[in-house]
Amino acid sequence: MESILGSIAVDAAKGTLNIVLATAVDEIKLTWGFRGDLDELKKRLKMLQAFLVDTGTRESLTNLEQLWVENVKEVVRHADDLFDEFSFENLRRKLEIKDRYYNRGSRLKARYLFFFCLSNPLGFRWRMAHQVKDVMSMIDGVFKDATDLGIRATKLQVPATGSDGNLGSVGAGELHQYRENPDTRQVVGRDGDEAYLVEQLCGAESTGDVSFVAIVGIAGIGKTTLARRVYENEAMKKSFTERIWIYVSDNFNINRILSRMIEVLAKSKPDLSSTEALTKKLQDHMGGASYLLVLDDVWNTVEELWESLKTCLHRIGGSSGSKVLVTTRSNAVADSVKVRITHHLEGLPHEDSWALLKQTTFANDEICPSNLEESGRKIVGKCNGVPLAIKALGATLRLKRNLQDWKSIENSELWKLPTYGDRIMPYLLLSFHHLPSPTLKQCFVYCSIFVKGAEIYKEDLIEMWMAQGLLVPPRRR
């Protein structure tokens, strides 16, 4: 875990440094006359970036190296604050000049106030000159520590984000897909599971009660994707008058489930708060018609809550042979629900896993180069048939087309990380480690502020990234 945190710290430092280096230094030099000092500062920051590249290539860092990275982050923060202050003062001066132009009558008063304000040109230039020298001195100290630790400057390559620090088209696509609408196009090797579940949900005789079926499996095994395939199956559309999908997660609240059912069916949120009123509203809307209810990613094991929900669902339309499909990681959930059938979803066979990796990594008609297949199959073998792991690594390999890069992933030390009960973690960490730019990694890490199950809106997230300085606008030419 320490090596993971060290890697994230390096990426955070590199990402912030990229932002600092993208600052419009030329404009600052012309405005304030810091030509030589700022050129030298930027030169040293680029050298610091080269040292960070060396630490970033290591999948594990010693305690001293991690401490060095923390010192680098502190130096970069000082440099960032320095350039922020320059940029702010530039903007303030432009606004002041504009204000003077429109208020010529108070020009003498403005000059008087400007001379005695804390940010007058002479005082500001003197103060900032000292801060520039302080930052350069701190960078020199970091260089000396790097030499003592054996960290070498690595030749910089053109970053995947482009020279202006932008993300560009790398990793482009939707930032969020609702679990209520997962992508089922890249489904491999699940036809038998789908056919079995469809038969159990459509073919079983009605007993007069709502019937429960559970899909149980580890994280990333494809429970939600399989459930969606079943949900969209033509046989389900013919067998059930209504179909409702609800993402539950940790928030197992009966009124929330009933409200969400009404929202899906009536296309509007109900203004009701009691369980009785919500049940009656659903009963009136359904009119005894059959329905399929999917409860995705369920964790609740309290039997009393399940019994209360079953009572409500039975009153709504259980006598018509309605069914509930539950997806969960826990056998205990299936036991507490007292499901009629528990379908344990296993990992994909090796050939299906390899087919999924090729489908994710290569374009429609592109064939996997023969020199990559052996390494690719070994990578797939380490994924244990987990589709999410295969797809995550496939997306990473899509940007890497030489054998050395594939071997780097195949032989990575991250495969040996303890899983702590979550077998998907090493695969995701590998994918994160091989993201094409520090900026992209910082944007990804930022998403950890959202709670599990939160709906993330693309436009809002982009604005948050911009507010944090993680996205740098392209320079005007």
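This is a predicted model: local features need pLDDT of at least 70, side-chain atom pairs count only at pLDDT 80 or more; totals for chains, interfaces and linings use all residues.
1. Next pair: glutamate 410 and lysine 378 form a salt bridge, their closest N and O atoms 3.9 Å apart. Glutamate 410 sits in helix 17 (residues 403-410) and lysine 378 in helix 15 (residues 370-382), so the contact ties together parts 32 residues apart in sequence. Glutamate 410 is buried at 5% relative accessibility, whereas lysine 378 is partly exposed at 37%.

2. Salt bridges with shared partners link Arg228, Glu232, Glu234 and Lys237 into one network. One of its links is lysine 237 to glutamate 232, at 3.9 Å from N to O. Lysine 237 is partly exposed at 35%, and glutamate 232 is partly exposed at 33%. Over the whole structure, the search turns up 16 salt bridges.

3. Now the sheet: five strands, open, parallel pairing, order 2-3-4-1-5. Strand 2 (242-249) and strand 5 (341-344) are at the edges with a single partner strand each, so one side of each has no neighbour in the sheet. Twist averages 15° from one strand to the next.

4. Inside that sheet, strand 1 (residues 211-216) and strand 4 (residues 323-328) are joined by six bridges. Isoleucine 215 has threonine 327 as its bridge partner in strand 4. Helix 10 (residues 254-266) packs on the sheet, touching strand 2 and strand 3 (291-298).

5. Finally, helix 18 (residues 425-433) is mostly covered, with seven of its nine residues buried, including Tyr427 and Phe432.

Notes
Residues are numbered from 1 along each chain as its sequence is written. Side-chain values use heavy atoms; hydrogens and water are left out. Two strands pair if DSSP finds at least two bridges between them. Helices (H or I, at least four residues) and strands (E, at least two) are DSSP runs, numbered from the N terminus. Axes are lines fitted to C-alpha atoms, for helices over the stretch in contact, and angles run from 0 to 180 degrees between N-to-C directions. Contact means heavy atoms within 4.5 Å. Buried means under 20% relative accessible area, exposed over 50%, partly exposed in between (1.4 Å probe, protein chains only). A salt bridge is a side-chain nitrogen of Lys or Arg within 4 Å of a carboxyl oxygen of Asp or Glu.
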